[in-house]
Amino acid sequence: MRIDVDALIKEASRVLGNSYAPYSNIHVAAAVLTSSGRVYLGVNVENASYGLTICAERSAISAMVAAGERDPVAVAIVTDLEDPIPPCGACRQVIAEFNPRALIVMHSTRSGRTVVRNLEELFPQPFTISDEAGRRDPS
Ligand code: THU
């Protein structure tokens, strides 16, 4: 499937202003493109209890699953920081649950810079459901 990287960046950029980040002041938005061609959006949502913060990527993946889809082909991550940011470790694991080879598009609205990687490069050995099954007591 052809992936329009610029269009996906544009979709994420559209909701960047909705990011709720009063503590870090780091605003992040994500757009998940699925194999059906639909796009699901998310932003980071911080909390006074800092550890409860959810990243933009996981917000967008949750929106995808809630809509009944499970096949992300690309995830755009947009920030207004000077440099594009890569997904955190937790988000890599969560994206890998659905597609360990998803295209990861990182973009800064400030500098206009874009970096594109495959999730396989960023996260070569995800924990998978088959690893978990192997550890289960067979009885
Ligand atoms: N953040 C994301 O939304 N995605 C990432 O991949 C990295 C970090 C957010 C979480 C927090 O609100 C802020 O950026 C600073 O860590």
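Trainee: Leaving aside neighbours within four places in sequence, which residues is Cys-55 in contact with?

Mentor: Keep in mind that this is a predicted model. For contacts, look for heavy atoms within 4.5 Å. Here Cys-55 meets Val-43, Asn-44, Cys-88 and Cys-91 once those sequence neighbours are set aside. Cys-55 itself sits in the loop between β2 (39-43) and α2 (56-66).

Trainee: What does the UniProt annotation "binding site" cover?

Mentor: According to the unreviewed UniProt entry, Cys-55, Cys-88 and Cys-91 carry that annotation; such annotations may be inferred rather than shown by experiment. They are spread over 37 residues of sequence, yet they cluster in space, with 8.4 Å as the largest C-alpha distance. From this set, Cys-55 and Cys-88 are part of the lining of the largest pocket.

Trainee: And Cys-91, is that one buried or exposed?

Mentor: Buried means under 20% relative accessible area. Cys-91 has 1%, so it counts as buried. You'll find Cys-91 in helix α3 (residues 89-98), touching Cys-55, Glu-57 and Arg-58 if you skip residues up to four places away in sequence.

Trainee: How many Å separate the C-alpha atoms of Leu-8 and Tyr-40?

Mentor: That separation is 10.0 Å, for two residues 32 apart along the chain.

Key. Residues are numbered from 1 along each chain as its sequence is written. This is a predicted model: local features need pLDDT of at least 70, side-chain atom pairs count only at pLDDT 80 or more; totals for chains, interfaces and linings use all residues. Side-chain values use heavy atoms; hydrogens and water are left out. On a 1 Å grid over the protein atoms alone, a cavity is a set of points where a 1.4 Å probe fits but cannot get out, and a pocket is an open set with protein on both sides within 12 Å along at least five of seven lines; lining residues have an atom within 4 Å of a point. Helices (H or I, at least four residues) and strands (E, at least two) are DSSP runs, numbered from the N terminus. Buried means under 20% relative accessible area, exposed over 50%, partly exposed in between (1.4 Å probe, protein chains only).
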